[in-house]
Amino acid sequence: MDDNSIVALYLLRDETAIRQTSKKYGNRLYALAYGIVKDRQIAEECENDTYMEAWNAIPPHEPREYLYAFLARITRHVSLNCCREHSRLKRSAYLCELSAEMEQCIPAPDDVECRIDDLIFREAINSFLGTLSEEKRNLFLRRYWYLDSIADISKRFSMSESKVKTTLFRCRNQLRKHLEKEGYTL
C-alpha cells in the first residue's frame with residue numbers, strides 16, 4: 001500500500017492504517033528505536049507509541065509525501081524520551097557525547113529572543129546536507145540522526161573508524177562555516 005493510501009486511512013480514522021503502517025515501516029521504525037534505546041522491549045514500546053502519536057497527529061497533518069520521515073521523527077523523539085525516562089547512564093553519556101560534538105556547530109541560545117525559527121534553520125541544515133557527497137551525507141545522518149556509534153558506521157560503510165571520525169569532524173566544521181555564512185551566530 002502506498003503512503004497516500006495509508007494517510008487517507010488515518011484521515012478516515014480507520015484502524016487498518018496502523019496495521020498498514022506497521023507492515024510497511026515497522027521494521028525500519030523498530031530498528032531506529034532500537035539503535036537509540038538498545039533494548040528490544042523498549043524499542044517495541046517506542047514503535048507502538050509511534051503509531052499512537054501518528055494516529056493523534058495525522059488528522060491535522062497530512063504527510064502524504066513524507067510519511068516515513070514523519071514517522072521516523074516521531075520514533076526518534078519517543079525513543080529519546082524513553083532514554084531520559086529510564087535514566088540509562090551509558091546511553092545518556094552517549095547522547096551527551098553526540099550533543100557535545102554538535103554543539104560546536106549548531107547554535108542553541110538560552111533566551112527566547114535568540115531562538116532560531118525552526119523552519120528556516122531546517123532549510124539551512126537541508127541546504128548544507130545537499131552540498132555533501134552521498135557518502136558524507138550518509139555518514140552524517142547515521143551518526144547524528146540515527147545515533148549510530150562510530151564502530152557501527154565504520155562496519156556499515158567498510159571504513160576505518162579513524163576515517164569515519166575524520167570525515168565527521170570535517171563535516172561538522174563545514175556545517176559550522178555554512179551556518180555562519182547563512183548568518184547564524186555560533
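**Figure 1. Accessible surface and overall build of the predicted chain.** The accessible surface of the chain comes to about 11200 Å², and 49% of this surface belongs to carbon and sulfur atoms. Accessible areas come from the Shrake-Rupley method with a 1.4 Å probe, and for residues only the protein chains shown count as cover. The model is predicted: local features need pLDDT of at least 70, side-chain atom pairs count only at pLDDT 80 or more, and totals for chains, interfaces and linings use all residues. Residues are numbered from 1 along each chain as its sequence is written, and side-chain values use heavy atoms, with hydrogens and water left out. The secondary structure consists of 9 helices and 0 strands (DSSP runs numbered from the N terminus: helices are H or I of at least four residues, strands E of at least two). Of the 186 residues, 41% count as buried (buried is under 20% relative accessible area, exposed over 50%, partly exposed in between, with a 1.4 Å probe and protein chains only).

**Figure 2. The salt bridge between K24 and D3.** The closest N and O atoms of K24 and D3 are 2.9 Å apart (a salt bridge is a side-chain nitrogen of Lys or Arg within 4 Å of a carboxyl oxygen of Asp or Glu). K24 lies in helix α2 (residues 16-37) and D3 in helix α1 (residues 3-11), so the pair ties together parts that are 21 residues apart in sequence. K24 is partly exposed at 36% relative accessibility, whereas D3 is buried at 15%.

**Figure 3. The salt-bridge network of R142, D148 and R156.** Salt bridges link these three residues in a network. Between D148 and R142, the closest N and O atoms are 2.7 Å apart, and both of these residues are buried.

**Figure 4. E47, a buried charge in helix α3.** E47 lies in helix α3 and is buried, yet has no salt bridge. The nearest side chain of opposite charge, R40, is 11 Å away (Lys and Arg count as positive, Asp and Glu as negative; His and the chain ends are not counted; the place of a charge is NZ of Lys, CZ of Arg, CG of Asp or CD of Glu). Not counting residues up to four places away in sequence, E47 touches S22, G26, L29 and Y30 (contact means heavy atoms within 4.5 Å).
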